[in-house]
Amino acid sequence: MKAIQILGNVTAPEITINPLMTKPTPQNSELLIKVHAAGVTGDEIIWPEPYASATRIPGHEISGVITSTGQDYKGSLRIGQEVFALLGADRGQGQANYVICLPDEVAPKPTSLLHSEAAVLPIPILTAWEAFSDHAALVAGMRVLVTGASGAVGTFAVQFAAQAGAHVIALASSRNHEMLRRFGAHEVLDYSTVEWETKVKDVDVVFDTVGEDVLIKTWECVKKDGVIVTIGDPAPAWAFGRGQASEAVDHPDVRYVHFIVSPHSERLGKAGGMLDAASLEKLAVKSFPLNEAKAAWNYAQRRNRGHKVAIDFIE
């Protein structure tokens, strides 16, 4: 089968296409998916995981068709069904003609979407959902600040929070404010405004998708017993149990957490239904054919590009 590989190392990576990779075989309860489209996360090229993999195949988001299952699979999905999936952070290898998935990674593809449109959704949808459900315990009436609100994760965060009955404050470039109001934001702020953090007070939940200086400023926005949830990359120094946030000295009752999204087939399936019902809005996608994989990766690494990136594996 054909697969994309990241060769070299993190300081000098090279995107290439290998036409001679071995097609995997599902074991136990695994599913084999024929990939129609795969999402591209540009930052993955600097993550350690692809370089630790024997195959060097990147990719955690896919959309395709189930072609076979392991002998122990007992789930409701069937051979020939269109699905989309989030492959676990420690697994990946989605940018190939075929990929092995675990049952909790896969859900029926939204019928209203193209494979390229579905393939870019699992990470942002599940990240926003996990942030509010598992880490922030969001309920109606809370005040929520979303940073990087016009990004892929941020746009779903705004939609989820607004639909949950929260008062949503969105931080993003002014050119995206109208869109964010349409998604349900009650207040919008331009991140380039000097001392924007002084204009936001008593927030119950901060969901930060940016990190670094923006994350630091959000400590001035959160109420004394609030929570800051971040997926900032690079991760803050305190992430993954590496000590206390320095800001916590002055905000001792603020809870703070950094996380990496996990697969969740039930949530992914529910989100697919919401997309088909038009209660969630899909993302803008720029798709590339497989033979333009290098161009796809170059485009995915550009900031403020306005589109998610997908690679089409069906010629």
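**Questions about a predicted model**

Guide: Val146 stands opposite Ala170 in S9. This is a predicted model, in which local features need pLDDT of at least 70 and side-chain atom pairs count only at pLDDT 80 or more, while totals for chains, interfaces and linings use all residues. Residues are numbered from 1 along each chain as its sequence is written, and side-chain values use heavy atoms, with hydrogens and water left out.

Visitor: How do you know that S8 and S9 pair?

Guide: S8 and S9 run parallel and are joined by 5 bridges. Two strands pair if DSSP finds at least two bridges between them, so S8 and S9 meet the criterion. The strands themselves (E, at least two residues), like the helices (H or I, at least four), are DSSP runs numbered from the N terminus.

Visitor: What is the order of the strands in the open sheet?

Guide: The order is S10-S9-S8-S11-S12-S13, an open sheet of 6 strands with parallel pairing.

Visitor: Why is one side of S10 and of S13 left without a neighbour in the sheet?

Guide: Strand S10 (187–189) and strand S13 (255–258) stand at the edges, and each has a single partner strand, so one side of each has no neighbour in the sheet. From one strand to the next, the twist averages 15°. H3 lies across S8, S11, S12 and S13, and runs at about 140° to S11.

Visitor: Why is H3 called roughly perpendicular to H7?

Guide: H3 and H7 pack at an angle of about 110°, and their axes are 10 Å apart. That makes H3 roughly perpendicular to H7, because 65 to 115 degrees counts as roughly perpendicular, under 35 as roughly parallel, over 145 as roughly antiparallel, and the rest as oblique. The axes are lines fitted to C-alpha atoms, for helices over the stretch in contact, and angles run from 0 to 180 degrees between N-to-C directions.

Visitor: What is the handedness of the crossing of H3 and H7, and which residues make the contact?

Guide: The crossing of H3 and H7 is right-handed. On H3 the contact involves Pro122, Ile125, Leu126, Trp129, Glu130, Ser133 and Asp134, and on H7 it involves Arg267, Leu268, Lys270, Ala271 and Leu275. A crossing is right-handed if the near helix is turned clockwise from the far one by less than a right angle, and left-handed if anticlockwise. Contact means heavy atoms within 4.5 Å.

Visitor: Which residues touch the most other members of the largest nonpolar core?

Guide: They are Leu121, Phe132, Val158, Leu180 and Phe207, out of 48 residues in this core. Elements that each supply at least two of its residues include strand S5 (82–86), helix H3 (122–136), helix H4 (152–163) and helix H7 (265–276). H3 gives the largest share, 8 residues. Another core lies apart from this one; it has 30 residues, among them Ile66, Phe288, Tyr299 and Phe313. The term nonpolar core denotes a set of buried Ala, Val, Leu, Ile, Met, Phe, Trp, Tyr and Cys residues joined through side-chain atoms within 4.5 Å.

Visitor: Why is Glu105 called buried?

Guide: Glu105 has a relative accessible area of 4%. Buried means under 20%, exposed over 50%, and partly exposed in between (1.4 Å probe, protein chains only), so Glu105 is buried. Glu105 sits in the loop between strand S6 (98–101) and strand S7 (106–108). Leaving aside neighbours within four places in sequence, its contacts include Phe84, Arg91, Ile100 and Leu268.

Visitor: What makes Ala278 count as exposed?

Guide: Ala278 has 65% relative accessibility and therefore counts as exposed. Ala278 lies in the loop between H7 and strand S14 (285–289). Its phi is near 65°, a positive value in a residue other than glycine.

Visitor: Why is S5 described as largely enclosed by the rest of the structure?

Guide: Of the 5 residues of S5, 4 are buried, so S5 is largely enclosed by the rest of the structure. S5 is joined to strand S4 (residues 61–69) by 5 bridges in the antiparallel sense, and Gly64 has Val83 of S5 as its bridge partner. S5 also pairs with S7, antiparallel over 3 bridges, where the partner of Val83 is Pro108.

Visitor: Which residues are joined by a cis peptide bond?

Guide: Asp233 and Pro234 are joined by it, with omega of about 10°. Pro234 is in the loop between S12 and S13. Phe240, which also lies in the loop between S12 and S13, has a positive phi of about 60° although it is not a glycine.
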